[in-house]
Amino acid sequence: MSRAPPTLLLVEDDSDLRDALVEILHAEGHTVVARATGDEALSWLEAHSVPALVLVDMWTPRKDSWRLLDALHHQPRFADLPVVAISSSEERHPAIREVLSKPFDREALLAGVRRFVHALH
């Protein structure tokens, strides 16, 4: 019996970048749930199992990524959930385990994901 691939939650408002990231992560064997805003991600999290990792763009137009981080930090259900922030600056928040600095390439993205999640091949 094989296990399901790890689920990653991606929060990225730029649809072109979101689609490219989903494609890269799918090719690595991950299941990816992509949402455009932190609020959409929170709604998804309330209705589903905890993902293996959250990748979150910190500078969305509505700035709701910070609300997402606060919710993840304050809810015991998400205490062990790793969060990788995608940003052009050094972000600080207790929920963030690592920052993936923009601009980044495919290998930097995958290395960041691999530090927290092992894909099933």
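Helix α1 lies across β1 (7-11), β2, β3 (53-57) and β4, running at about 170° to β2. Contact here means heavy atoms within 4.5 Å. The model is predicted: local features need pLDDT of at least 70, side-chain atom pairs count only at pLDDT 80 or more, and totals for chains, interfaces and linings use all residues. Residues are numbered from 1 along each chain as its sequence is written, and side-chain values use heavy atoms, with hydrogens and water left out.

Helices (H or I, at least four residues) and strands (E, at least two) are DSSP runs, numbered from the N terminus. Axes are lines fitted to C-alpha atoms, for helices over the stretch in contact, and angles run from 0 to 180 degrees between N-to-C directions.

| Helix | Lies across | Angle |
|---|---|---|
| α1 | β1, β2, β3 and β4 | about 170° to β2 |
| α2 (residues 38-47) | β1 and β2 | about 155° to β1 |

The strands form an open sheet of five, in the order β2-β1-β3-β4-β5, with parallel pairing. Two strands pair if DSSP finds at least two bridges between them. At the edges are β2 (31-35) and β5 (98-101), each pairing on one side only. Neighbouring strands of this sheet are turned by 20° against each other on average, direction ignored. Four bridges join β4 (residues 83-87) to β5 in the parallel sense, and A85 has V99 in β5 as its bridge partner.

Helix α1 (residues 15-27) also packs against helix α4 (residues 106-114), at an angle of about 60° and with the axes 11 Å apart. The contact involves L21, I24 and L25 of α1 and R106, L109, L110 and V113 of α4.
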